[in-house]
Amino acid sequence: KLYLESEGFNWKSVDIFLNKLYYDYRNLIRRIEMKIVVKENYSEMSKYAADIIAELVRNKPDCVIGFATGGTPIGTYKELIRMHKEEGLDFSGVRSFNLDEYLGVGIDLSKPYSLDQSYARFMHEELFSHINIKKENIRIPDGLSKNPEEFCKSYEEEIKKTGGIDLQILGIGGDGHWAFNEPGSSFTSRTRIEALAKQTLDDNYEAFYKNAGVSREQMPHYAITMGIGTILEAKSAIMLANGSKKADIVAQALEGPVTTDVTASAIQLYKGDVTVILDKGAAAGLKKL
Ligand code: PGA
């Protein structure tokens, strides 16, 4: 060692080299495992995603599904509803956990849909009320919990008790978030309270709250979210994105460095089966297709 050092050998550079080798190797493996599917349009993307979910439901009727909210999965949910109504796809044994919910907001069925922007309400309107999933099998973070921190712990415990999530459905936020894990969230984070980033507030205000007559100041600024660590434990996952607005962030998440600046880049560390389903617009920034 002394001889090597006297020759100007730099141990730090060996360390950096080995680290790089390790990451390159891991990325190589990941590229083989991560399946990226590009469909012609939103409707094709949604059908492809719904087929994956339906196959799981048929093969494992008591499966545990992690559901996501947002504009992206609405088409997938519509297709699942169609499959339930026309083909008898049976959700009676399915158990579900949703990714996130605004803090201070809960389902209020006495209000018209447009005035209740809870994710519980979203799931009810966009999917659950149209299929035969049992109410007692649905779990959505409780935005009205009196003790949200305790709630977060119990959510984690419940997921564990079911044996874990079989298939997690994911989107990607404009700032690269997964669920409400905003930039800077640790990859080992668990279900917790998270402050929403400016871009998320802007995006969700435009997409949802503006039409509900709620001012940007009044909209919730905090949420309960599953952590990145929680998400990475799902046995399989699908990630959906559509539209050219997402092209840059999708490329960063799938091909850029693994970084907490883009929490969805944690997908590159994911050990389960993952299929990324994009429309042409969202895939436009990818170099390695
Ligand atoms: P969106 O949201 O589907 O409304 O674009 C995605 C997300 O925030 O994960």
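**Ground rules.** I number residues from 1 along each chain as its sequence is written, and side-chain values use heavy atoms, with hydrogens and water left out. Since this is a predicted model, local features need pLDDT of at least 70 and side-chain atom pairs count only at pLDDT 80 or more, while totals for chains, interfaces and linings use all residues.

**Entry 1: largest pocket.** I looked up the largest pocket and found about 710 Å³ of space. A pocket here is an open set of points on a 1 Å grid over the protein atoms alone, where a 1.4 Å probe fits, with protein on both sides within 12 Å along at least five of seven lines. Its volume is the space filled by probe spheres set on the points. I counted 33 lining residues, meaning residues with an atom within 4 Å of a point. Thr-72, Ile-172, Gly-173, Asn-204 and Lys-246 lie nearest the centre. β6 (167-170), α7 (198-209) and α9 (247-255) each give two or more residues to this lining. Helices (H or I, at least four residues) and strands (E, at least two) are DSSP runs, numbered from the N terminus. α7 gives the largest share, 7 residues. By class I noted 14 nonpolar, 13 polar and 6 charged. Ala, Val, Leu, Ile, Met, Phe, Trp, Tyr, Cys and Pro count as nonpolar, Asp, Glu, Lys and Arg as charged, and the others, Gly among them, as polar.

**Entry 2: second largest pocket.** I found about 320 Å³ of space here. Of its 17 lining residues, Ile-107, Ala-120, His-124, Ile-138 and Ile-140 are the closest to the centre. The lining has 10 nonpolar, 4 polar and 3 charged residues.

**Entry 3: α3 with α4.** I checked helix α3 (residues 42-59) against helix α4 (residues 74-87). They pack at about 55°, with their axes 8 Å apart. Axes are lines fitted to C-alpha atoms over the stretch in contact, and angles run from 0 to 180 degrees between N-to-C directions. The two helices are therefore oblique to each other; that word covers angles left over after under 35 degrees (roughly parallel), over 145 (roughly antiparallel) and 65 to 115 (roughly perpendicular).

**Entry 4: α4 with α5.** I found that the axes of α4 and helix α5 (residues 119-126) come within 10 Å and cross at roughly 40°. That makes α4 oblique to α5.
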